[in-house]
Amino acid sequence: MLWLSLGTGLLSSFMLFSYVKGTEHMMKHYRWVFVCFGLLPISLVYSAVFNIRNWIVFKLKSAPKNHKSKVEQVSKQIKDWRASGSKQKLCTSRASWESHSLREGKYKKTDRKINLNLVDILEINTEKGYVRAEAMATIGELTATLIPMGWTVPVIPELDDCCVGGLVMGSGVESTSHKYGLFQHICKSFEIVLATGEVKRCSKDENSDLFYSVPWSCGTLGFLVSADILIVPSKKYVRLEYYPAKTREEVVRVFKEQTLRTEGNEFVEGLMYNENEAVIMTGSQTDDAEPDKINKIGNFYKPWFYKHVEGILKTGYCVEYIPLRDYYHRHSRSIFWEMQDIIPFGNNVFFRYLFGWLVPPKISLLKLTQTDTLRELYRKHHLVQDIFVPLDKMEDTLKFIHKEMKMYPLWLCPFVLPNQPGMFHPPGDEDGLYIDIGAFGTPKAENYSALKTIRKLEEYEREVNGFQMLYADCHMTREEFRDMFDHTLYDKLRKELKCEDAFPEVYDKISKDARY
């Protein structure tokens, strides 16, 4: 009752000030009021209802029975579009604000929307080692279901609401990616509804061209309706070692050494806090833990993970045992470090103990409630980029980021990039070892300009055989984009599968010209 009364009073005051000052002014300068007393309770209720619904569906085992009819409905919608003359291109009915990309796509306003109600886990096959999940099933749903059964997906991007379809059609990288590659590389097969309405399964042994072309295609070859994903046995804890480094050279050296270790490091990750200081973390799963070193970082009253790690720069090397699911979702409560700009006092000990159980708000709701002014401020002064470069270019890239952006923390995550067909592969004939440098926040460089800096970054990425994740702002020309990503197999399939009148090209969905 106290929370309800306090929330009602503050929201009333917020609405009064909004009337006097204007909604744009209030949402820009006092957004935390709206988030704390509006979005946080709504997010909590939404998550609770959705989790209960998922639990009931899973226990009743009704999802597999319903999946076939749902796929048939998708196929029927496409066939109806064909019968009506195919005048518009196709896209999913999922609104732009429901995705994790900051981009607002024009095509959502003009294309014919196909409804995909595909949110369930369909099958867990421990004998063959896979979980079959629908395209909009989330990472949070997968870990909540699999870990109590003693299984896990080996590549788990940290944010709970990342969905299978987005991780396949876009990309997903995690601290296990130096062993397993990206999320697409642990997928055994895909089920796709094509532009003709035909339903087709593909794997490395069946319709292999389609299997290798679906990742990074952003839904421009067909609608993904399910995926079979590798599962492996899980253990209770992650034994996590923290290695502070105090110079850029030491950061690069320790990070490379730990990445290249052939035994013991199941997880490798780094957080860089300024030009010279970082903490490199390595871990492995275990069922045994030293009781006095267990840290349940997922508890709502615990410090945000990146703040906890920052403290280790002062205290020095240490070892902790973190419950597995807590580790997987270690960056969820603070949305990496984006929450500090949304609720500046969110990591305060009083706030954590009183209201930490409400955090985080749904990213989709944060996007839905952005005003035009706030969206423009983010576009000009806020950067969200995952920068994929070869590991041997790590130090040069850190120098580039400091010079052109000067933004911290930075997320450091190594990954192996198999030399497989498709849009996204290393040059040459061998697998490549890369690093994802995640830059999320407000650049402090005096010369920062959103358009000019991102253009410089894209040019640098192409020069070093790097890549840009497709959820981020893209200012490349079509030719530059095709230079970065191999379209050979993609173009071939677009013609064979009659996609050209049904779906835009990837570039036409993700470039600056595709936004409104």
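Let's start at lysine 406, which is partly exposed at a relative accessible area of 38% (buried means under 20%, exposed over 50%, and partly exposed in between, with a 1.4 Å probe and protein chains only). Before going on, note that this is a predicted model, where local features need pLDDT of at least 70 and side-chain atom pairs count only at pLDDT 80 or more, while totals for chains, interfaces and linings use all residues. Residues are numbered from 1 along each chain as its sequence is written, and side-chain values use heavy atoms, with hydrogens and water left out.

Lysine 406 sits in the loop between helix H17 (394-404) and E15; helices (H or I, at least four residues) and strands (E, at least two) are DSSP runs, numbered from the N terminus. Its touching partners, not counting residues up to four places away in sequence, are Ile401, Pro443, Lys444 and Ala445, where contact means heavy atoms within 4.5 Å.

Follow the chain into strand E15 (residues 410-417), and you find eight of its eight residues buried. In a regular strand, side chains alternate between the two faces of the sheet. Here both faces are covered: Leu410, Leu412, Pro414 and Val416 are buried on one side, and Trp411, Cys413, Phe415 and Leu417 on the other. E15 also has strand partners (two strands pair if DSSP finds at least two bridges between them). Strand E11 (residues 267-272) pairs with E15 in the antiparallel sense over three bridges, with glycine 270 bridging to leucine 412. Strand E16 (residues 432-441) is antiparallel to E15 as well, over eight bridges, and there proline 414 has isoleucine 435 as its bridge partner.

Now for the nonpolar cores, meaning sets of buried Ala, Val, Leu, Ile, Met, Phe, Trp, Tyr and Cys residues joined through side-chain atoms within 4.5 Å. The largest one has 118 residues, and those with the most contacts inside it are Val153, Phe183, Phe190, Ile229 and Phe481. Helix H3 (residues 31-60) gives the most to this core, with six residues. Apart from it lies another core, of 32 residues, which includes Phe255, Ile401, Leu410 and Leu412.

Helix H11 (residues 305-315) is worth a stop. Its buried residues are Phe305, Tyr306, Val309, Ile312 and Leu313. They span an arc of only 115 degrees around the axis, so they sit on the same side of H11 (the arc is that of the directions from the helix axis to the C-beta atoms). Lys314 and Thr315, on the other side of H11, are exposed. The cover over the buried residues of H11 includes strand E10 (237-245), E11, strand E12 (278-286), strand E13 (318-323) and helix H13 (339-342). Just after H11, glycine 316 takes a positive phi of about 95 degrees.

On to the rings: there are 29 aromatic pairs in the structure. Rings of Phe, Tyr and Trp (its six-membered ring) pair if their centres lie within 6.5 Å, and planes under 30 degrees apart count as stacked, over 60 as edge-to-face and the rest as tilted. Tyrosine 301 and tyrosine 353 have ring centres 5.3 Å apart and planes at 25 degrees, so they are stacked. That pair links distant parts of the chain, 52 residues apart: tyrosine 301 is in the loop between E12 and H11, and tyrosine 353 is in helix H14 (residues 349-355). Tyrosine 301 is partly exposed, at 28% relative accessible area.

Compare tyrosine 434 and phenylalanine 467, whose ring centres are 6.0 Å apart with planes at 40 degrees, so this pair is tilted. Because tyrosine 434 lies in strand E16 and phenylalanine 467 in strand E17 (residues 467-468), the pair ties together parts 33 residues apart in sequence. Tyrosine 434 counts as buried at 3% relative accessibility, and phenylalanine 467 counts as buried at 3%. Both belong to one aromatic cluster, formed by Trp216, Phe388, Phe415, Phe424, Tyr434, Phe467, Phe481, Phe485 and Tyr507.
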